[in-house]
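Please read each of them alongside the sequence and the structure.

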Amino acid sequence: WRPHRGLDIAATLGDRVMAMAGGTVERVYADDMLGTTVVIHHGGGLRSVYSNLAELPAVAAGDSVSAGDTIGSVGATALSEVGDITHLHFEMTLDGETVDPLDFLPLR
């Protein structure tokens, strides 16, 4: 068991997932609970974490991305959230501490 540290954003299976800001892809891995995950380092200790992606993301560790670049698509790889509606699991960290993603996303 572990706490839920992010937002679940409802989406359709296969929807494109885009980088929220520019940075460098730090890790791409299969998380035991949250499925296929991409971590982007934006500088200054800020990282965005995208989980429950399709098994084959569009990026690899070391890739540079700009805001809006496609990094993968919404999948169904999160075993811990298999009963939930299809969604992107999105987290943010600052200096290793979880922060509220809503503080960094543009308001619509």
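1. A salt bridge is taken here as a side-chain nitrogen of Lys or Arg within 4 Å of a carboxyl oxygen of Asp or Glu. The model under review is predicted. By this rule the count comes to one salt bridge. The pair links distant parts of the chain, with Glu 26 in strand S3 (residues 23-31) and Arg 47 in strand S5 (residues 46-53), 21 residues apart.

2. The two side chains, those of Glu 26 and Arg 47, meet at 2.8 Å, N to O.

3. In soluble globular proteins, nonpolar side chains tend to be buried together. In the present model, the largest nonpolar core has 15 residues. Those with the most contacts inside this core are Val 17, Val 38, Ile 40, Tyr 50, Val 65, Ile 71 and Leu 88. Strand S4 (35-43), S5 and S8 are the elements that give two or more residues to the core.

4. Leaving aside residues up to four places away in sequence, Ile 40 touches Tyr 50, Val 65 and Ile 71, among others. Its contacts also include both salt-bridge partners, Glu 26 and Arg 47. Further residues touched by Ile 40 include Ala 19, Gly 23, Thr 24, Val 25, Leu 46 and Ser 48.

5. Thr 93 has its place in strand S8 (residues 87-94). With a relative accessible area of 14%, Thr 93 falls under the 20% limit and is therefore buried. Not counting residues up to four places away in sequence, Thr 93 touches Gly 45, Leu 46, Arg 47, Thr 98 and Val 99. Leu 46 and Arg 47 are likewise among the residues that Ile 40 touches.

6. Asn 52 lies in strand S5 and is buried, with a relative accessible area of 4%.

7. A positive phi is also found at Asp 95, where the value is near 50°, again in a residue other than glycine. Asp 95 is located in the loop between S8 and strand S9 (97-99). At 62% relative accessibility, Asp 95 lies over the 50% limit and so counts as exposed. Asn 52, by contrast, is buried.

Conventions. Residues are numbered from 1 along each chain as its sequence is written. This is a predicted model: local features need pLDDT of at least 70, side-chain atom pairs count only at pLDDT 80 or more; totals for chains, interfaces and linings use all residues. Side-chain values use heavy atoms; hydrogens and water are left out. Helices (H or I, at least four residues) and strands (E, at least two) are DSSP runs, numbered from the N terminus. Buried means under 20% relative accessible area, exposed over 50%, partly exposed in between (1.4 Å probe, protein chains only). Contact means heavy atoms within 4.5 Å. A nonpolar core is a set of buried Ala, Val, Leu, Ile, Met, Phe, Trp, Tyr and Cys residues joined through side-chain atoms within 4.5 Å.
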